[in-house]
Amino acid sequence: MIPAYAAQAAGSPLAPFAIERRQPGPRDVQIDILYCGVCHTDIHLVRDEWGASLFPMVPGHEIIGRVSATGAAVDRYAVGDAVGVGCFVDSCRACPQCRAGQQQYCDEGMTATYNSHERSSGAPTYGGYSTRIVVDQDYVLRIPEGIPLDRAAPLLCAGVTTWSPLRHFGVVAGHRVAVMGLGGLGHMAVKLAVAMGAEVTVLSTSESKRADALALGAQDFATTGDGRAFKSHARQFDLILDTVSAPHDYNACLGLLKVDGTLVLLGIPEPSPLSAFPLVSKRRRIAGSMIGGIAETQQMLDFCAVHGIAADIELIAVEQVNEAYERMLRGDVRYRFVIDTASLAR
């Protein structure tokens, strides 16, 4: 039994809890958790806003730690290695998506790091608001030297969620990319796109984000609240990464795209009406994307190490997580909370 923080029911505050982790099997890696990022998905699931929450729930899918034990068949990791675990810990491994390294789109559904069930035993999965986790080596990531471990945690969700569409839709040097919303996802999107050589514009409802956007490397910033940006920046972008979770007008956003441009939805707002005309008039596309497979997540981590990229974080003790949730809902974080799991041992 190990210490953790859990919600006992929908909407209940997180509080100390004890969970049992399995002993490492032949291919398993046991990880002593050092840090765990706090994602907005944690709030959705703890409050059962998507209607599929399992309780008691130990959230956390941005996990960084060090290997403390390995199974006899493990050949990729050794005790002491810095490693990470992202949003899933297993998948069917046999469907076309899994064979292509896109386990996040597994036909049978990926096994989430928490709020899911282990495929072998049916036991509930518990996440990174805890001191230890055991994961098959195929779903473990190596953290390259040079990335501060606490600032690496959000890369395993916010980082790869923005990396995956940037790569999938072919962003290269010289492309014009807009990032809508400057939060946990948006700030990573700016850093990654700039490092790829794109010309980046941040679109935000808040003028107060201008200085941060430019400091992160964006070449341009525009506020969308008064509608003028949709005229001044019309038909300018090859790709828009839309990280906004609040309802907004997709039709206006589509007008910002060039011919053959793509609007990629990363946030999950309430449904918004969509007109055909902005799509057909310039052969534009609207698409969705989520996280990334194991191989592309490792690729993203290696890219971040080469380019000196890490998340901007506020490190907290686990006792502060309920307050952190409320602050996230107010937008009061620059740009990701990360739990120091040493606080669980106190």
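Student: What makes the pairing of arginine 47 and glutamate 326 a salt bridge?

Tutor: In this predicted model, the side chains of arginine 47 and glutamate 326 come to 2.6 Å, N to O, and since the rule asks for a side-chain nitrogen of Lys or Arg within 4 Å of a carboxyl oxygen of Asp or Glu, the pair is called a salt bridge. Arginine 47 lies in the loop between α1 (40-46) and β4 (63-70), whereas glutamate 326 belongs to helix α11 (residues 321-329), so the bridge ties together parts that are 279 residues apart in sequence.

Student: Why is arginine 47 called partly exposed?

Tutor: Its relative accessibility is 29%, and because buried means under 20% and exposed means over 50%, arginine 47 counts as partly exposed. Glutamate 326, at 36%, is also placed in the partly exposed class.

Student: Why does arginine 228 count as exposed, and into which class does aspartate 226 fall?

Tutor: Arginine 228 has 61% relative accessibility, and because exposed means over 50%, arginine 228 counts as exposed. Aspartate 226, whose side chain meets that of arginine 228 in a salt bridge (2.7 Å, N to O), is at 45% and therefore counts as partly exposed.

Key:
Residues numbered from 1 in each chain as written. Predicted model: local features only at pLDDT ≥ 70, side-chain atom pairs only at ≥ 80, totals over all residues. Heavy atoms only, no water. Helix = DSSP H or I, 4+ residues; strand = E, 2+ residues; numbered from the N terminus. Buried < 20%, exposed > 50% of the residue type's maximum accessible area, 1.4 Å probe, protein only.
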